[in-house]
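I opened this model to look up a few things about its layout. My notes follow the structure.

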Amino acid sequence: MTDLEPVTATDLRLMQGLAQRVTAARPDLVNSDASFGELAWNWGKGHAADGASWTRRLWFSGGDPVAWGWAQLPHRVRRNDGSVKDVTGAYLAHQVHPDHAGLLDEVIDWYDGTAVGLDRTVLACAADEFALTRWSAHGYGTDPAALGDTGSWTQLNQRDLTDVEQPVLPDGFRFRTADQAGPEAAVRAHLDAWAPSAYTAEAYEGVRKAPGYRGDLHLLVEAPDGTMAASTIMWLDEANRTAEFEPVGTHPGHRRRGLARAMLLHGMRLARAAGATHATVACLGAPGHPQARALYYGVGFRRFTRDAPLIKTATAG
């Protein structure tokens with residue numbers, strides 16, 4: 001295993017810059033964990049607790065990053081209910097600019113060298129036929145854990161913002177922003193929606209420091225009793241005029257009341273006012289996970305790309 005090189009905020013900005021350039025050139029080739037907003041969310045919420053198990057490498061051409069790999073190595077996750085999960089394998093987030101596709105072999109070799117002796121997983125883009133060929137040549141195959149009705153792969157959904165209907169909330173509910181509601185309410189909203197969760201006040205501080213975070217685009221729905229019943233963060237890629245929702249969640253006691261639908265519509269209208277012309281949101285794509293997909297389709301999103309989950313076991317070398 002190589003010496004770890006931590007993923008810094010400077011690295012994150014470079015990775016986001018590559019995400020913006022790939023989005024402009026070939027949006028269908030942006031890996032699900034390598035988009036502008038997903039990078040910010042994952043780094044922000046995780047670097048304080050898990051950053052010691054991260055390492056990265058970037059490749060440059062003419063001073064600009066054209067490829068990167070971010071390996072997440074074995075670590076322990078502590079959730080707010082007291083439970084503990086030991087992550088024993090390695091996972092790779094990565095992106096290669098299509099004009100430099102040949103660098104993917106170097107990314108894969110670096111990952112294999114970094115995660116020697118571990119099961120190695122990666123989420124390639126199903127539309128990237130060249131990449132799938134190269135991963136296969138290096139011994140990676142379809143991850144069995146991702147197959148079937150309850151598989152863990154995701155799909156990216158998109159829509160334009162030319163015609164967004166007016167949101168309607170139930171009586172007594174109102175929209176808030178994280179700037180208005182404050183950090184405690186923002187953290188509580190996430191924990192209620194995603195329990196059990198490793199999210200903490202420290203994680204939220206990391207999210208707030210991530211490039212691209214805007215408290216006025218971090219939305220909540222407040223119930224009549226003061227509970228934050230739903231929340232989402234929008235990440236505005238100004239270069240591509242795209243708003244990305246990540247994450248989206250609703251308190252279990254307030255589901256099936258149209259809150260998430262109204263929040264998404266409200267968010268899209270705010271994003272449009274901020275200059276966005278396009279919106280994206282990811283969800284689990286397997287047949288056994290229909291709820292979020294139905295929600296997003298109901299507000300005009302349609303599938304754009306999907307993951308191809310791959311694995312190379314420790315015994316494969």
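**Domains**

I looked up the spacing first: the C-alpha centres of domain 1 and domain 2 lie 24 Å apart. Domain 1 is 9–148 + 308–312 and domain 2 is 159–306, with bounds from an automatic or database domain assignment.

**Ground rules**

This is a predicted model, where local features need pLDDT of at least 70, side-chain atom pairs count only at pLDDT 80 or more, and totals for chains, interfaces and linings use all residues. Residues are numbered from 1 along each chain as its sequence is written, and side-chain values use heavy atoms, leaving out hydrogens and water.

**Second largest pocket**

Which residues lie nearest its centre? I found T23, S35, L156, E244 and T280, out of 23 lining residues. The lining draws at least three residues from each of domain 1 and domain 2. By class I noted ten nonpolar, nine polar and four charged residues in the lining. (Nonpolar is Ala, Val, Leu, Ile, Met, Phe, Trp, Tyr, Cys and Pro; charged is Asp, Glu, Lys and Arg; the others, Gly among them, are polar.) A pocket here is an open set of points on a 1 Å grid over the protein atoms alone, where a 1.4 Å probe fits, with protein on both sides within 12 Å along at least five of seven lines; lining residues have an atom within 4 Å of a point.
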